[in-house]
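Work through the exercises below with the model open. Try each task before you read its solution.

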Amino acid sequence: MTDRVLIIIPAHNEETALPGVIADVRAHQPDADIVVVDDASMDDTARTAERLGVGVLRLPLNLGIGGAVQTGFRFAREMNYDYALQVDGDGQHPAAAIGDLLERLRAGDADVAIGSRFLAGAGFQSTFLRRLGIGVFRVLSRVTTGRSVTDSTSGFRAYNAAAIHFLADTYPSDYPEVEAVISLSHNRFRIVEVPVEMRERQGGRSSITVGRSAYYMIKVMLASLISILKPTRRRSL
């Protein structure tokens, strides 16, 4: 029986990059289903996705990346997908690497596979401020969970069914990537990183501006510390 794979593309005002992202995914994962979670975009993101023939989940209000991705997880759980992959709608994530992430999950030694730009040592390495923050989060992850994750802010991730079910109820709502890694580790999910050569954003603008970077750092650190104080949750399928 063939595994059922869902590609979740959270998108806010990504009409420019979205056609290329969908074409890239289809070229490398022709058997996977694709759903675009339109986070109350003000441009033609949703209509562009519909014209391209992929599923679209429209959010009536802007929930941010956390709410958009959690919507995708809940859809994946409801539809009983075996695996779900988050691929950002800005074109940074190469669909050619999706198979590498899935391979680690199918091998049975991981529940979550994260694409890391730093293990590859090539491709777009992000801005100086973002790299600085990633370094801080790497230390935070090591201190709180004993696990060193080189690229904990990467949104290029694959999840098995157990992780999908867990995150459908618990995925953080605001700047979720780092907190999700710590929460998953705290709840004994197995996480691996896979080297990936990222690209620069192909369109749109990042939601993390220079002015919001300090807030981002403080919020993520506090939320992550709080998450390890919560009781662990039994995995359910």
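**Exercise 1: the start and cover of a helix**

At the start of helix H7, a side-chain oxygen of asparagine 160 comes to within 3.2 Å of the backbone nitrogen of alanine 162. The model is a predicted one.

Task: Find how many residues of H7 are buried, and what covers them.

Solution. 
- Step 1. H7 spans residues 161-170. Seven of its 10 residues are buried, and the helix is mostly covered.
- Step 2. Name them: Ala162, Ala163, Ile164, His165, Phe166, Leu167 and Ala168.
- Step 3. Look at the cover. It includes helix H3 (64-78), E4, strand E5 (112-116), strand E6 (157-160) and helix H8 (176-186).

**Exercise 2: a glutamate in a strand**

Task: Decide whether glutamate 193 is buried or exposed, then find which backbone nitrogens lie by its side chain.

Solution. 
- Step 1. A polar atom of its side chain lies 2.8 Å from the backbone nitrogen of threonine 150. For the backbone nitrogen of aspartate 151, the distance to a polar side-chain atom of glutamate 193 is 3.0 Å.
- Step 2. Widen the view. Residues that glutamate 193 touches include Arg104, Ile114, Ser116 and Leu119.

**Exercise 3: the cores**

Task: Find which residues have the most contacts inside the largest nonpolar core.

Solution. 
- Step 1. This core has 30 residues. Those with the most contacts inside it are Ile7, Ile9, Val36, Leu85, Ile98 and Phe156.
- Step 2. Elements giving it two or more residues include strand E1 (5-11), helix H1 (18-28) and E7.
- Step 3. Keep apart a second, separate core of 27 residues, which includes Ile8, Tyr159, Ile164 and Tyr171.

Methods: Residues are numbered from 1 along each chain as its sequence is written. This is a predicted model: local features need pLDDT of at least 70, side-chain atom pairs count only at pLDDT 80 or more; totals for chains, interfaces and linings use all residues. Side-chain values use heavy atoms; hydrogens and water are left out. A polar contact is a pair of N or O atoms within 3.5 Å; within protein, one must be able to donate a hydrogen and the other to accept it, and residues adjacent in sequence count only if both atoms are side-chain atoms. Contact means heavy atoms within 4.5 Å. A nonpolar core is a set of buried Ala, Val, Leu, Ile, Met, Phe, Trp, Tyr and Cys residues joined through side-chain atoms within 4.5 Å. Buried means under 20% relative accessible area, exposed over 50%, partly exposed in between (1.4 Å probe, protein chains only). Helices (H or I, at least four residues) and strands (E, at least two) are DSSP runs, numbered from the N terminus. Lists of a residue's contacts leave out its neighbours within four places in sequence.
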